[in-house]
Amino acid sequence: METHYLNEFVVLAGECNYSSAADLLYTSQSTLFKHMKSLENELSITLFNKSGNRIQLSKEGELFLNFSKRYLTMEKKLTNDIAQQKKRNDNVVYLASEYRSIELLLAFRMAHSDTLIHQVCDTPSAKSITSALRQGDCELAVLVNPEDPADEMVKIPLIEDVPVAVMYSVHPLAERPFVTFDDLRNENFVALDFNSMNLSGVLPPGDIVRSIFRTHNAVPNIVFTANRGTEMLDYIRQEIGISILYQKTLYSSNRKNIAIVPIRPAEKIQVCLCYLKNRKFSAGAQTFLSFVENAVAKGTIEELLCGGVERTE
């Protein structure tokens, strides 16, 4: 049964005249008559009885009119629901990050409250995030020193950062102007749990620690893990251990009784917003990309990404 035939039938039933109904429907009387006959043949009923120059609904036609109105109302609702769902899907940014991004995401949500952000990747490592990009599980990714041997990604530089040692303020190394790897080799470390995942999109600091130790063919002594960065800093204050974090991710943190000591030689990293070339974006992803590009052009991306600029306690 053709749905638009039902709409024509409802209009014709209201007009009870082929000429006026055809005018309202922007069609010819012959086409409208043919469509009504098609419905009657399909249903094996008579929809209209002729009365002079006008037509009247038959008893069966009255029953079918009620059905047609309900059907068209349901179809309209379904169409609207699908459109709204599509709009909601279009207004979701599928993002993965291996660098602390909560301030950037919150700033974006304040500017675009109708757009949602969905974090992907249970373990936000560069490998898992790159895989999510290729598989279409995320549209955009914040990556540290992105590796792209196949040249398949667009990489927008955001900020540069360096790992630093984070320790309790009375630690024997806290007053040093800098520390080396050898100074840290035998320390106890606190790290984020690899399985923890939250809005911040933080790369588990344990991975930073392991990465640095791996370059020296060593294994760190991780004695405690935390679910959140603030919880990890609390453990450090309690002198459970120290950690290694990216310096600029600490700009907005409570650093009371916390010492931040540079590591030498400094291993500078580049943080980039990445996406696959020739990938079609959702409306939400395009909005987020424009938001970031605008911040980069204005020189405000570091403040947005890190929640401010370097401060002293």
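Lys155 counts as partly exposed, at 32% relative accessibility; partly exposed lies between buried, under 20% relative accessible area, and exposed, over 50%, with a 1.4 Å probe and protein chains only. That residue is where I will start, with its partner. Lys155 forms a salt bridge with Asp148, and the closest N and O atoms are 2.9 Å apart. By salt bridge I mean a side-chain nitrogen of Lys or Arg within 4 Å of a carboxyl oxygen of Asp or Glu. Asp148 has 15% relative accessibility and counts as buried.

Before going on, some background. This is a predicted model, in which local features need pLDDT of at least 70 and side-chain atom pairs count only at pLDDT 80 or more, while totals for chains, interfaces and linings use all residues. Residues are numbered from 1 along each chain as its sequence is written, and side-chain values use heavy atoms, with hydrogens and water left out.

On confidence: pLDDT is the predictor's confidence in each residue, from 0 to 100. The protein chain averages 85, and 88% of the residues score at least 70. Over residues 196-206 pLDDT stays under 50, and the model has 46 contacts for them beyond four places in sequence. A contact means heavy atoms within 4.5 Å.

Back to the charges. How many salt bridges does the structure hold? There are 10. Another of them joins Glu40 to Lys37, with the closest N and O atoms 3.4 Å apart. These two sit 3 residues apart in helix H3, residues 29-43, so about one helical turn separates them. Helices are DSSP runs of H or I with at least four residues, strands are runs of E with at least two, and both are numbered from the N terminus. Glu40 is buried at 10% relative accessibility, while Lys37 is partly exposed at 38%.

Glu103 also has a salt bridge, to Arg100, with the closest N and O atoms 2.6 Å apart. Glu103 is buried, with a relative accessible area of 18%.

Now Glu139, in the loop between helix H6 (126-135) and strand S5 (140-144). The side chain of Glu139 does reach the backbone nitrogen of Ser282, at 2.8 Å. Leaving out residues up to four places away in sequence, Glu139 touches several others, including Val92, Tyr94, Leu133, Lys280 and Ser282.

Terms used. A polar contact is a pair of N or O atoms within 3.5 Å; within protein, one must be able to donate a hydrogen and the other to accept it, and residues adjacent in sequence count only if both atoms are side-chain atoms.
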